[in-house]
Amino acid sequence: MTASEKEASTSTGPDPKSFPDGGVEAWLVVAGGFCTVFASFGWINCVGIFQDYYESNLLANYSSSDVAWIPSTESFMMFFWGPVVGKVTDHFGPRVPIVIGSFLHIFGLMMTSISKEYYQVFLSQSVVSAIGCSFLFYPSMTACSTWFLRHRALAIGIMASGSSIGGVVLPIMVHRLVDDLGFGWTMRAVAFLLLGMVIIGILTVKSRLPPLKQPLILKEFITPYAEPTFMLLAVGAWFIYIGGFIPFTFIIVQARAQGMSASLAGYLVSILNAAGTFGRIIPAHFGDIFGVFNIMILLTGLGAVVSLAFWLPSTTMASGHTNALIIVFTIFYGFASGCIFSIIPALIAKISPDIRKLGVRTGSLYAVSATGVLVGSPIAGVIASGKGNGFLGLTLFSGILLMVGTFFVGFSRLRLTGVKLMVKA
């Protein structure tokens, strides 16, 4: 090796293309990322239980659509800050944004615990805590992608299963504690639990590659959309995120309106996320074998089909006779959504020429998806509270949007591979 080659080697750091695909360090990143995703996306997956609780208790004077702005803005804030978090991650590495996110998330939850008015809940839970979730979620997903190539989708799936486990544990915890301890101490108990999880993430999550210290250039966030494959994927994700989060937000409200007992309905979000745990890991493994785009298209299509085949009919049956249908939908949709929301980073990595800029590219796509999350739930709230059978329109709205998103992801795959149905993509 010549002197110039040695200099180039040391200046660029580890070869971005030489992925270890395992080892203690790599799997510690996955374990730590599991904890940060549990604390961030796992918390966002609890929005349904708060939609129901706020409508029935703390914010009972507000309409369903008004209350829906709290969970929808919470989800929006987590995704919208993606470009900023991605740039901070690329520049400083994952630890700095994770520390920032830990403080904001825990502080926001503590402030929520003493909130009494709508604006107080909105600012603390939907803005401060949710921005903290954004700073926790993206760095972990990006760091994981630098350690794995052949098993990337599986590693991301295992890490992302933290959001499902969080979505199982946290709603049950809130549902059980809120009657015994009250809303304030329930939120504080959750905050202390999540504090322990994020500390593990701070200690273990790191990137294999050195930070890419470059000045902030706004063009970096826009440039990926000049690529047709990336653009089509982003549009597909936008539709998917509008329709895909609606069941998480309204499944409890709809089930109770259809006659399900409050005690059973309180577990529906946990059932959704329990099924999603398998949906994040099993399809991700097959994504490494058959192609992440192929698996994404299959599972998103499944989510649309079960919405129209199971959830929609439950809104037209006599009250009190829909429990089995809603639970079947919850299980199947939970499994499908597990893949929908976890495999997108693997899709972005698949079409990204420079893995060192993955943070910015992932954030750019999620920022667009965030606008869909923001408007989706309030629109669904208006539909649900409309005259006649509002829940029929809500389920149609969700299912059709998922179907449209599936088509756009399919078009993105065609741009990547051409008309080759059996090729791995």
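**Exercises on a helical chain**

Helix H5 (residues 64-80) has 17 residues and spans 23 Å from its first C-alpha to its last, close to the 24 Å expected at 1.5 Å a residue. The model is predicted, with local features needing pLDDT of at least 70 and side-chain atom pairs 80 or more, while totals for chains, interfaces and linings use all residues. Residues are numbered from 1 along each chain as its sequence is written, and side-chain values use heavy atoms, without hydrogens and water.

**Exercise 1.** Determine how many residues of H5 are buried.

*Solution.* Buried means under 20% relative accessible area, exposed over 50%, and partly exposed in between (1.4 Å probe, protein chains only). By this cut-off, 14 of the 17 residues of H5 are buried. H5 is thus described as mostly covered.

**Exercise 2.** Identify the residues that Phe79 touches.

*Solution.* Contact means heavy atoms within 4.5 Å. Leaving out residues up to four places away in sequence, the partners of Phe79 include Phe41, Tyr138, Tyr241 and Phe245. Tyr366, Ala367, Ala370 and Val373 are also among them.

**Exercise 3.** Describe the setting of Leu177.

*Solution.* Leu177 lies in helix H9; helices are DSSP runs (H or I, at least four residues), numbered from the N terminus. Its relative accessible area is 23%, so Leu177 is partly exposed. Leu177 touches Gly182, Thr186 and Ala189, not counting residues up to four places away in sequence. The C-alpha atoms of Leu177 and Met187 are separated by 9.2 Å, with the two residues 10 apart along the chain.

Notes. Helices (H or I, at least four residues) and strands (E, at least two) are DSSP runs, numbered from the N terminus. The expected span of a helix is 1.5 Å times one less than its number of residues.
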